Amino acid sequence: MSSELQQLEELREAGFIQTVEYEERRAALLCQPVHKSPAVPVVNEPEPEPEPEHASESDQEEEEEEQQEEEEVEQYVPPVVSPLPPGVRSPVAPVFSGPAFTSFVMYSSLVALPPPEFWKPIVDIKRNHMNPRIKRPPYPHMTLLQPFVSADRFDDAARHLREALRGFAPFHVRIARFEIYENGGSATLYLAPEVTPSGSMQALFVACRAAFPQLDPKPFDPHIGVGYFRSVAQARALQARYQRGWRTIDFDVKEIYLVSRIAEDTPFEVRRVIALGPTETAPLFECKSLY
């Protein structure tokens, strides 16, 4: 349990998930049945006879509250994503002819990445706010699906996605402003993508999600996380500071990437490249081997 919580904390610190999703997953992990210790008999005294009556009102209320909390976790429905662009229909995923995808792991993700020439100003900011326990170098990304398939299914997943996205046109992204997610007293600072045509990033998520219906439903809000702060005031001060020195970034999303890491202290690396649209161009990133 502790390792799962630590891994969840690292995902938030690295910008893979927002604090809202972190809190939901943490609550789900901690939502375990309560095991009561057996009563210890009193020495030299007879044990009391078991009472035939039903549980007290307070016990019943506690059980009802626990059951309600469990039902709320099970029945959680993520927010509806932004509407698809005009004229874009909800995609129908192609049928995959191979074995079903059943294993999804936290060390692999499906992401969109800015071209490498735009990484430095983002990484310089992210590095200032990385959790010191995380030894992996930061990198800018917009997470589409995470967790994702295990390493032994990378080739199958890439082929399946290529077919699903063959009719999906590339789109333009502009990174011009910093925004904040407020989560009670804490906050996440992030770069907000402006997408043209509007809604294309949401449509891409829907298409990828439809290709892997076995994944649990999750909310989607495209962003590039740059820092998590326990104080909203600190996040706002840094938002103003970074915004003053920011230079707008423009790029086209022509491909997406299956990334993974080998160990907890190693970086996420691009393992497979999936082109958007009917034509495949030279990929921006070289695929790194897992071995």
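Visitor: How many disulfides does a search of the whole structure find?
Guide: Bear in mind that this is a predicted model. A disulfide is a covalent bond between the sulfur atoms of two cysteines. A search of the whole structure was made for such pairs, and the number of disulfides found is 0.

Visitor: Is C208 buried or exposed?
Guide: The cut-off for buried is under 20% relative accessible area. C208 has 0% relative accessibility, so C208 counts as buried.

Visitor: And how does C287 count, at 38% relative accessibility?
Guide: Exposed needs over 50%, and buried needs under 20%. C287 has 38%, so C287 counts as partly exposed.

Visitor: Step back to the whole chain. How many helices and strands are there in the protein chain?
Guide: The protein chain has 291 residues, and buried residues make up 42% of them. Its secondary structure comprises 7 helices and 10 strands.

Visitor: What share of the contacts with a separation of 6 or more comes from residues 24 or more positions apart?
Guide: Take the contacts in the protein chain with a separation of 6 or more. Residues 24 or more positions apart account for a share of 75%.

Visitor: Let's look at α4. Why do its buried residues line one face of the helix?
Guide: Helix α4 covers residues 119-128, and I122, V123, I125 and K126 are buried there. Seen down the axis of α4, these buried residues line one face because they fall within an arc of 165°.

Visitor: Which exposed residues does the face of α4 turned away from its buried side carry?
Guide: The buried side of α4 has cover from elements including β5 (171-183), β6 (186-196), β7 (224-229), α7 (232-244) and β8 (249-253). The face turned away from that side carries the exposed residues K120 and N128.

Visitor: How does W119 count, at 22% relative accessibility?
Guide: W119 lies in helix α4. W119 is in contact with L113, P114, Y139, P140 and F285, leaving aside neighbours within four places in sequence. Its side chain reaches the backbone oxygen of P114 at 2.9 Å. At 22% relative accessibility, W119 counts as partly exposed.

Visitor: And W246: how far apart in space are W246 and P121?
Guide: W246 is in the loop between α7 and β8, and at 13% relative accessibility W246 counts as buried. Leaving aside neighbours within four places in sequence, its contacts include P121, I122 and I125. W246 and P121 are 125 residues apart in sequence, yet the distance in space, C-alpha to C-alpha, is 8.3 Å.

Visitor: Which backbone oxygen lies 3.0 Å from a polar atom of the W246 side chain?
Guide: Among the contacts of W246 are I175, A176, F178 and L191. The backbone oxygen at 3.0 Å is that of I175.

Visitor: Last topic, the prolines. Where is P147 found?
Guide: Most peptide bonds are trans. A cis peptide bond joins Q146 and P147, with omega about 10°. P147 is found in the loop between β3 (142-145) and β4 (148-149).

Visitor: What is omega for the peptide bond from T196 to P197?
Guide: P197 has its place in the loop between β6 and α6. The peptide bond from T196 to P197 is cis, with omega near -5°.

Methods:
Residues are numbered from 1 along each chain as its sequence is written. This is a predicted model: local features need pLDDT of at least 70, side-chain atom pairs count only at pLDDT 80 or more; totals for chains, interfaces and linings use all residues. Side-chain values use heavy atoms; hydrogens and water are left out. Buried means under 20% relative accessible area, exposed over 50%, partly exposed in between (1.4 Å probe, protein chains only). Helices (H or I, at least four residues) and strands (E, at least two) are DSSP runs, numbered from the N terminus. The arc is that of the directions from the helix axis to the C-beta atoms. Contact means heavy atoms within 4.5 Å. A disulfide is a pair of cysteine sulfur atoms within 2.5 Å. A polar contact is a pair of N or O atoms within 3.5 Å; within protein, one must be able to donate a hydrogen and the other to accept it, and residues adjacent in sequence count only if both atoms are side-chain atoms.
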